[in-house]
Amino acid sequence: MTPKFISDLREKVGPDHLLWLPGVNAVVVDQRNHVLLQMRSDTREWSLLSGILDPGEQPAAGVVREVREETGVEVVPECLVSVTVSPPVRHPHGDRAQYLELTFRCRPADDAQEAYAADDESLQVAWFAPDGLPHMRSRVRERIELALSGRTTAWFTPPVAEHVVQG
């Protein structure tokens, strides 16, 4: 579901204006080291649980909210895994956007929780062993690998040194 603040903005700028939006992604890992994924209803692809931050929302609170809304699972964010930028996308409904992607490794607050497709953004949700992940985009797989790597610092694209012209 498109947040109201995005719908309001789209009324003013239209669907062709590329919006720069902050987003959160969750790599939810349970006690068996299995990863919770969703099959997205818009693309029919397996992917991370994700969403747009509301204005003023803290990223860790946003990732908890998104996982709960999409799967019914309460999670505890453990660490920031990566900070990346998505390629520009055109969503199936026509809107163009590009996302600052904050990916968190999370664990279920209670491993007895049942995950289910809790809203219309997911066709299904399921737990997968790392060696049994379904087909997905390479960018998604890379963030899962980072979350499972044991790193304690976030990965980010290193800055490119600017070429300085001397006159």
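This briefing describes selected features of one protein structure, grouped by topic. The structure is a predicted model. A search of the whole structure finds 15 salt bridges and 1 aromatic pair. The largest pocket has a volume of about 1,200 Å³, and 44 residues line that pocket.

**Largest pocket**

- Among the residues lining the largest pocket, which has a volume of about 1,200 Å³, those closest to the centre are Arg40, Asp42, Ser50, His91 and Tyr99.
- Strand β1, spanning residues 19-29, supplies the largest share of the lining, namely 5 residues.
- Sorted by class, the lining consists of 17 charged, 15 nonpolar and 12 polar residues.
- Ser50, one of the residues closest to the pocket centre, is also among the residues touched by Glu66.

- Glu66 is part of helix α2, which covers residues 59-71.
- With a relative accessibility of 6%, Glu66 is classed as buried, because the cut-off for that class is under 20% relative accessible area.
- Leaving aside residues up to four places away in sequence, Glu66 is in contact with Val24, Ser50, Gly51 and Ile52.
- Glu66 also belongs to a network of salt bridges that links it with Asp54, Glu57, Arg65 and Glu69.

**Individual salt bridges**

- Side chains of opposite charge can pair when their charged atoms come close.
- Lys4 and Asp8 are joined by a salt bridge between their side chains, with an N to O distance of 3.0 Å.
- Both residues lie in helix α1 (residues 4-13), and because they are 4 residues apart, about one helical turn separates them.
- Lys4 is exposed at 61% relative accessible area, whereas Asp8 is partly exposed at 34% relative accessibility.
- A salt bridge also connects Glu78 and Arg107, whose closest N and O atoms are 3.6 Å apart.
- This pair links distant parts of the chain, with Glu78 in strand β5 (residues 75-85) and Arg107 in strand β7 (residues 96-108), 29 residues apart.
- Glu78 counts as partly exposed at 42% relative accessibility, and Arg107 is partly exposed with a relative accessible area of 35%.
- The side chains of Arg143 and Glu101 form a further salt bridge, with 3.7 Å from N to O.
- Arg143 is buried at 6% relative accessibility, and Glu101 is buried with a relative accessible area of 8%.

**Aromatic pair**

- The search of the whole structure finds 1 aromatic pair, formed by Trp46 and Phe128.
- The arrangement of Trp46 and Phe128 is edge-to-face, with 5.0 Å from centre to centre and 80 degrees between the planes.
- The edge-to-face label applies because the angle between the planes is over 60 degrees.
- Trp46 belongs to strand β3 and Phe128 to strand β8 (residues 122-128), and the pair links distant parts of the chain, 82 residues apart.
- Trp46 and Phe128 are both buried.

**Backbone: residues with positive phi**

- Most residues other than glycine have a negative phi.
- Asn33 is not a glycine, yet it has a positive phi of about 75 degrees.
- Asn33 is located in the loop between β1 and β2 (35-40), and it counts as partly exposed at 32% relative accessibility.
- Arg44, likewise a residue other than glycine, has a positive phi near 60 degrees.
- Arg44 occupies the loop between β2 and β3 (46-47) and counts as exposed at 60% relative accessibility.

**Pro88 and Leu18**

- Pro88 sits in the loop between β5 and β6 (89-90).
- In sequence, Pro88 and Leu18 are 70 residues apart, while their C-alpha atoms are 7.7 Å apart in space.
- Apart from residues up to four places away in sequence, Pro88 touches Leu18, Ala97 and Gln98.

Technical notes:
Residues are numbered from 1 along each chain as its sequence is written. Side-chain values use heavy atoms; hydrogens and water are left out. Helices (H or I, at least four residues) and strands (E, at least two) are DSSP runs, numbered from the N terminus. Buried means under 20% relative accessible area, exposed over 50%, partly exposed in between (1.4 Å probe, protein chains only). Contact means heavy atoms within 4.5 Å. On a 1 Å grid over the protein atoms alone, a cavity is a set of points where a 1.4 Å probe fits but cannot get out, and a pocket is an open set with protein on both sides within 12 Å along at least five of seven lines; lining residues have an atom within 4 Å of a point. Grid points are joined across faces, edges and corners, and a volume is the space filled by probe spheres set on the points. Ala, Val, Leu, Ile, Met, Phe, Trp, Tyr, Cys and Pro count as nonpolar, Asp, Glu, Lys and Arg as charged, and the others, Gly among them, as polar. Rings of Phe, Tyr and Trp (its six-membered ring) pair if their centres lie within 6.5 Å; planes under 30 degrees apart count as stacked, over 60 as edge-to-face and the rest as tilted. A salt bridge is a side-chain nitrogen of Lys or Arg within 4 Å of a carboxyl oxygen of Asp or Glu.
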